[in-house]
Every structure is written in C-alpha cells, then in structure tokens.
Amino acid sequence: MLAVPQEPTAQRTRPFRVAPIADETTWSLLSRIAARYGQEPGFILGHWRWTNHQPRHPGGALRADAEVLLSPAGRTVLAGLSGASEETLRRALPSWDNEEDGLSGPDASGAPEGF
C-alpha cells in the first residue's frame, strides 16, 4: 500500500490558494481572493479593523487600483486567506513592508488592521 503524503493542516482547511502577482497592489490581491470565493471585495474586509475608507469610483464601487497597508497581524491574516507564504507576499506586493504609523505604534492593539 502506498503512503499518501499529507498536506500541512493549514493547507487542508483552506479551499483555495490565490498567489500574488508581481508588483500587485495589496487591494488587488484582496479583491482577487474575494472573487475566488465568488464574493465582492467587501466580503473579506471584516477580517481587519480599518482606520480609513477605501477609495471609490464616482458610482460608489471600490477602486481595484487603490493600495492598502496592513499591520503585522493584518499581513498574517492575508497570508492565511491567500494561502501564500508571507515571504512570497513580501516579494510580490510592493507595499508589504510599508506601514501607517498608527498601525504599529505604541497604541496599536495587535489586532489585524488595515489602512
């Protein structure tokens, strides 16, 4: 009998993997993750506490070309949702290591936050 290799537990519980595209915006990746689940981007925004509002088109739709910054805990959440490693995301997403002062300063709660 052949032994079947087991995937790590985290990979077994995640139905989809969405790999980042080189130089993609974080918001674009978030939008593609939501689309992979058949949802609008707002579907997954509840995973983060947002400190601002996403830019919108005049008709009210969210702009896919907008950029967001994530706290360290927020980046961990994104890695979990996408199925890509944080190192892969760091190499692909230009804003990965950029942070808004309020996201990691002394008043930061440690919660997954986005700006």
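Predicted model: local features only at pLDDT ≥ 70, side-chain atom pairs only at ≥ 80, totals over all residues.

Reader: Good to know. Is F16 buried or exposed, or partly exposed?

Author: F16 is partly exposed, with a relative accessible area of 24%. For the cut-offs, buried is under 20% relative accessible area, exposed is over 50%, and partly exposed is in between, using a 1.4 Å probe and protein chains only.

Reader: And what is F16 in contact with, leaving aside neighbours within four places in sequence?

Author: R36, Y37, L81 and S82, where contact means heavy atoms within 4.5 Å. F16 and Y37 are 21 residues apart in sequence, with their C-alpha atoms 8.0 Å apart in space.

Reader: What else is in that loop? Where is D23, for instance?

Author: D23 is in the loop between α1 and α2, and at 63% relative accessibility it counts as exposed. Its phi is near 65°, a positive value in a residue other than glycine. Most residues other than glycine have a negative phi.

Reader: OK, and E24, buried or exposed?

Author: Buried, at 6% relative accessibility. E24 is also in the loop between α1 and α2. The side chain of E24 makes a polar contact of 2.7 Å with the side chain of S28. By polar contact I mean a pair of N or O atoms within 3.5 Å; within protein, one must be able to donate a hydrogen and the other to accept it, and residues adjacent in sequence count only if both atoms are side-chain atoms. A polar atom of the E24 side chain also lies 3.3 Å from the backbone nitrogen of L29.

Reader: What does E24 touch, leaving aside neighbours within four places in sequence?

Author: L29, R32, A92, L93 and P94.

Reader: Switching to α2 then. How many residues of α2 are buried?

Author: Eight of the eleven, so α2 is largely enclosed by the rest of the structure. The buried ones are T26, W27, S28, L29, L30, S31, I33 and A34. What covers them includes β1 (49-50), α3 and α4 (86-92). Just after α2, G38 takes a positive phi of about 75°.

Reader: How many residues are in the largest nonpolar core?

Author: It has 19 residues, and those with the most contacts inside it are L29, L30, I33, L78 and L89. The elements that give two or more residues to this core are α2 (26-36) and α3 (72-82), and α2 gives the most, with five. A nonpolar core here is a set of buried Ala, Val, Leu, Ile, Met, Phe, Trp, Tyr and Cys residues joined through side-chain atoms within 4.5 Å.

Reader: Pick L78. What does L78 touch?

Author: Not counting residues up to four places away in sequence, L78 touches T26, L29, L30, I33, W48, L70, L89, L93 and W96.

Reader: And R90, where is that found?

Author: R90 is found in helix α4, and it is partly exposed, with a relative accessible area of 34%. Leaving aside neighbours within four places in sequence, R90 is in contact with W96 and D97, and a polar contact of 3.3 Å joins the side chains of R90 and D97. The C-alpha atoms of R90 and A22 are separated by 10.0 Å, though the two are 68 residues apart along the chain.

Reader: Last thing, the overall picture. What does the secondary structure come to?

Author: Five helices and two strands, following the pattern α-α-β-α-α-α-β along the sequence. Of the 115 residues, 33% count as buried. Among contacts with a separation of 6 or more, residues 24 or more positions apart account for 62%.

Methods. Residues numbered from 1 in each chain as written. Heavy atoms only, no water. Helix = DSSP H or I, 4+ residues; strand = E, 2+ residues; numbered from the N terminus.
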